[in-house]
Amino acid sequence: MDNTSNTSIFDLTFETESRSHLIEIAKWSKLLSITGIVAGSLLAILGLIVMFVGPSLSDYFGSSLLGYAGIIYVFAGLLYIFPSIKLLRFATQMPVAFQKSDQALVNEALGNLKSVFKFWGILTLIVIALYAIVLLLVTLFGAFS
């Protein structure tokens, strides 16, 4: 491939096609990150509402677990906001980095993207482990009852 408009960063060459892919990834990342921040915020707000309104509704529903559900919603909402902020940082830094040919900004942008994937990878492993533990406990309780 012979491209005349290459940008050399990190002893690698980003061809025009690679640059355009990364810039397009940044655009979609911005959409997903803003959506994630809004969804996480709404989830946290819903959790706060459930926490404060839940106890008064416990007579109607016959359960006092709504307050605990609210805590889980707040936690889940806040948990979702962190990777969305990192993704937004990537989305705003990457086009600027290529525009200015700034190696440090490219490093920082890719570091933010790495953090997003690392976060979701660790969270996925935790959820798989919890599923395995629950499955094991259900099997053991089922076998001994």
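At what angle do helix α2 and helix α3 pack, and how far apart are their axes? I read that α2 (residues 66–100) and α3 (residues 103–144) pack at about 155°, with axes 8 Å apart; axes are lines fitted to C-alpha atoms over the stretch in contact, and angles run from 0 to 180 degrees between N-to-C directions. I therefore noted α2 as roughly antiparallel to α3, a term used for angles over 145 degrees. Helices here are DSSP runs (H or I, at least four residues), numbered from the N terminus.

I kept in mind that this is a predicted model, in which local features need pLDDT of at least 70, side-chain atom pairs count only at pLDDT 80 or more, and totals for chains, interfaces and linings use all residues. Residues are numbered from 1 along each chain as its sequence is written, and side-chain values use heavy atoms, with hydrogens and water left out.

Next I looked up Gln93, which lies in helix α2. Is Gln93 buried or exposed? I found Gln93 buried, at a relative accessible area of 13%, where buried means under 20% (1.4 Å probe, protein chains only). Beyond its neighbours within four places in sequence, Gln93 is in contact (heavy atoms within 4.5 Å) with Leu105, Glu108, Ala109 and Asn112.

I then noted that the side chain of Gln93 makes a polar contact of 3.0 Å with the side chain of Glu108, and that another, also listed at 3.0 Å, joins it to the side chain of Asn112. A polar contact is a pair of N or O atoms within 3.5 Å; within protein, one must be able to donate a hydrogen and the other to accept it, and residues adjacent in sequence count only if both atoms are side-chain atoms.

Conventions:
Helices (H or I, at least four residues) and strands (E, at least two) are DSSP runs, numbered from the N terminus. Angles under 35 degrees count as roughly parallel, over 145 as roughly antiparallel, 65 to 115 as roughly perpendicular and the rest as oblique. Buried means under 20% relative accessible area, exposed over 50%, partly exposed in between (1.4 Å probe, protein chains only).
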